Amino acid sequence: MGSLPEPIMEETYSKPPGIRVMERAKKSNLSFKTYQGIVLIVTFLAYTSYHATRKTTSIVKSALDPQSPDVGLKFPWQRRNTTYDQNQSSKLSWMLKDGWVPFNGVDGTAMLGELDVSFLFVYAMGMYFSGHVGDRMDLRIFLTVGMVGTGVFTALFGVGYWANVHIFYYYLIVQMMAGLFQSTGWPSVVAVVGNWFGKKKRGLIMGIWNAHTSIGNITGSLVASLLLKYGWGWSMVVPGTLIAVVGVVVFLFLPVNPESVGANKDEDEVFSPRKVGDEVTEPFLRSDREEESAVGFIEAWKIPGVAPFAFCLFFAKLVAYTFLYWLPFYISHTAIEGRYLSNEEAGNLSTLFDVGGVVGGILAGYISDRLDARAITAASFMYCAIPVLYFYRSYGHVSMTINIILMLITGVFVNGPYALITTAVSADLGTHSSLKGNSRALATVTAIIDGTGSIGAAIGPLLTGYISTNSWSGVFTMLMGSAFIAGLFLTRLVVAEVGEKIQQLGPQGSSPRSRSPDLLV
């Protein structure tokens with residue numbers, strides 16, 4: 001008779017198939033903390049696979065256009081000005097001899113650059129629609145469709161190898177469709193994690209969780225590089241297959257929110273009222289199961305803090321993605337201790353930027369939790385990035401040790417605010433008090449913030465392709481200016497947070513941990 005509540009639970013809630021199997025095997029319901037662990041693991045794997053498939057194209061470029069030492073972005077105005085260093089490219093060209101038509105011609109590098117820009121543009125535009133749709137349907141299904149679709153179009157790019165496809169527009173359309181399906185990922189995973197974790201430790205938890213970005217980049221690079229010798233098609237098809245498999249795992253195991261699985265919300269701080277003196281005096285999300293209407297696109301923009309953080313991320317992501325696409329090229333074309341590194345050495349060295357990014361994301365999340373001040377933390381990191389960028393440009397060539405140290409520090413301050421804004425800040429604003437407990441805004445808010453940032457991610461590499469032909473110092477000046485502007489967009493929010501901290505220190509101020517859950521009002 002003790003098992004009677006179980007059938008009632010299964011009739012009342014729509015649980016993922018894998019969760020049902022786990023509970024039947026265990027003969028009891030899963031605990032709230034177990035659900036939280038499943039959410040972190042599944043979403044971590046999901047977005048790691050997203051970034052792994054996104055990174056593979058940067059590896060395949062060297063096989064499609066092996067004669068060019070520049071595997072970064074080039075654009076139409078640069079097409080006739082490329083000189084090749086045959087010694088540098090010989091290590092790559094032996095695999096595929098003369099590369100792959102049409103990318104192995106004079107205009108090949110420009111075409112590869114156009115693939116990147118097209119991908120990022122569609123990704124940014126798709127982000128806005130993905131958030132809007134994601135808040136109106138089951139995120140488990142939405143994320144599964146996005147991952148399988150990403151896998152299909154990533155694999156189709158590689159299929160061109162065996163199908164002997166040499167039409168540029170085939171690869172362009174496939175990349176654009178891959179970008180569209182890739183845009184489903186970030187709003188969905190942030191919304192799901194935001195549904196399960198409260199604001200008190202959200203910055204630190206999401207800072208650690210956000211390591212999936214760098215791990216995905218590194219994994220994608222290693223897998224694609226390992227398979228390249230068997231034919232560049234495998235470097236696309238295998239990662240595409242893997243993300244589709246992870247998509248099936250998402251469908252089987254991802255619980256979107258506590259209500260969907262009947263989890264006991266009283267076990268977690270985000271859903272239960274706190275004792276006097278705790279951070280929040282009322283729940284973030286409603287505990288009842290009444291129907292909530294999704295927040296509209298315009299309404300989401302009006303949530304206090306969304307617009308400033310979105311425009312801040314535009315410039316922060318411009319800096320971060322310029323490093324993502326151009327750092328290996330910059331390193332290989334800058335003499336360190338009087339010696340130019342090979343493309344392979346430069347690529348390996350550039351991964352240290354991602355290592356610094358992991359540290360920066362965790363550090364920014366921890367500091368923002370301790371201070372209870374997201375804007376102050378993000379702005380401080382952006383301002384600190386300015387002198388670090390200057391030092392890296394001015395002194396990174398002096399020695400390998402100095403280059404490594406400065407690159408790690410640059411990764412910390414460039415990726416720290418980027419990680420904080422796209423994770424904890426987005427989740428905070430998606431549960432802002434102005435929504436009156438409506439949880440169906442997380443995906444839309446996340447999409448607005450990261451979609452705006454992704455436009456900057458497309459523009460940064462584009463501008464770099466033009467400016468770098470004249471001066472790399474000009475590129476770093478652009479990056480320092482962008483970091484400064486990013487910080488400026490948070491000025492009003494920083495002033496409000498500082499004013500609140502001053503009030504809390506006064507004789508009638510309350511405890512620093514008793515502030516409202518609002519990011520800013």
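Among contacts in the protein chain between residues at least 6 apart in sequence, what percentage join residues at least 24 apart? The share is 80%, where a contact means heavy atoms within 4.5 Å. The structure is a predicted model, in which local features need pLDDT of at least 70 and side-chain atom pairs count only at pLDDT 80 or more, while totals for chains, interfaces and linings use all residues. Residues are numbered from 1 along each chain as its sequence is written, and side-chain values use heavy atoms, with hydrogens and water left out.

The protein chain contains 20 helices and zero strands; helices (H or I, at least four residues) and strands (E, at least two) are DSSP runs, numbered from the N terminus. Of its 521 residues, 58% are buried. Buried denotes under 20% relative accessible area, exposed over 50%, and partly exposed the range in between, with a 1.4 Å probe and protein chains only.

Helix α2 (residues 17–26) and helix α11 (residues 234–253) have axes that come within 4 Å and cross at roughly 60°. Axes are lines fitted to C-alpha atoms, for helices over the stretch in contact, and angles run from 0 to 180 degrees between N-to-C directions. Angles under 35 degrees count as roughly parallel, over 145 as roughly antiparallel, 65 to 115 as roughly perpendicular and the rest as oblique; α2 and α11 are therefore oblique to each other. Pro17, Gly18, Ile19 and Met22 of α2 meet Phe251, Leu252 and Phe253 of α11. The residues of this contact comprise six nonpolar, one polar and no charged. Here Ala, Val, Leu, Ile, Met, Phe, Trp, Tyr, Cys and Pro count as nonpolar, Asp, Glu, Lys and Arg as charged, and the others, Gly among them, as polar.

Phe251 also takes part in another arrangement: the charged end of Arg140 sits over its ring, 4.9 Å from the centre. Arg54 likewise lies over the face of Tyr123, at 4.7 Å from the ring centre. The criterion is that NZ of Lys or CZ of Arg is within 6 Å of the ring centre and within 35 degrees of the ring normal.

Aromatic pairs number 34 in the structure. Rings of Phe, Tyr and Trp (its six-membered ring) pair if their centres lie within 6.5 Å; planes under 30 degrees apart count as stacked, over 60 as edge-to-face and the rest as tilted. Tyr161 and Trp162 form an edge-to-face pair, 5.3 Å centre to centre with 80° between the planes. Tyr161 is partly exposed at 24% relative accessible area, and Trp162 is partly exposed at 43%. The pair of Tyr330 and Phe476 is tilted, because the ring centres are 5.3 Å apart and the planes stand at 55°. Tyr330 lies in helix α14 (residues 306–332) and Phe476 in helix α19 (residues 472–488), so this pair ties together parts that are 146 residues apart in sequence. Tyr330 is buried at 5% relative accessibility, as is Phe476 at 4%. One aromatic cluster includes Tyr161 and Trp162, with Trp100, Phe103 and Phe157 also among its members.

Most residues other than glycine have a negative phi, and most peptide bonds are trans. The peptide bond from Val101 to Pro102 is cis, with omega near 10°; Pro102 is placed in the loop between α4 (86–96) and α5 (108–134). Glu337, in the loop between α14 and α15 (343–371), has a positive phi near 55° and is exposed at 55% relative accessible area. Asp372, in the loop between α15 and α16 (374–395), has a positive phi of about 55° but is buried at 4% relative accessibility.
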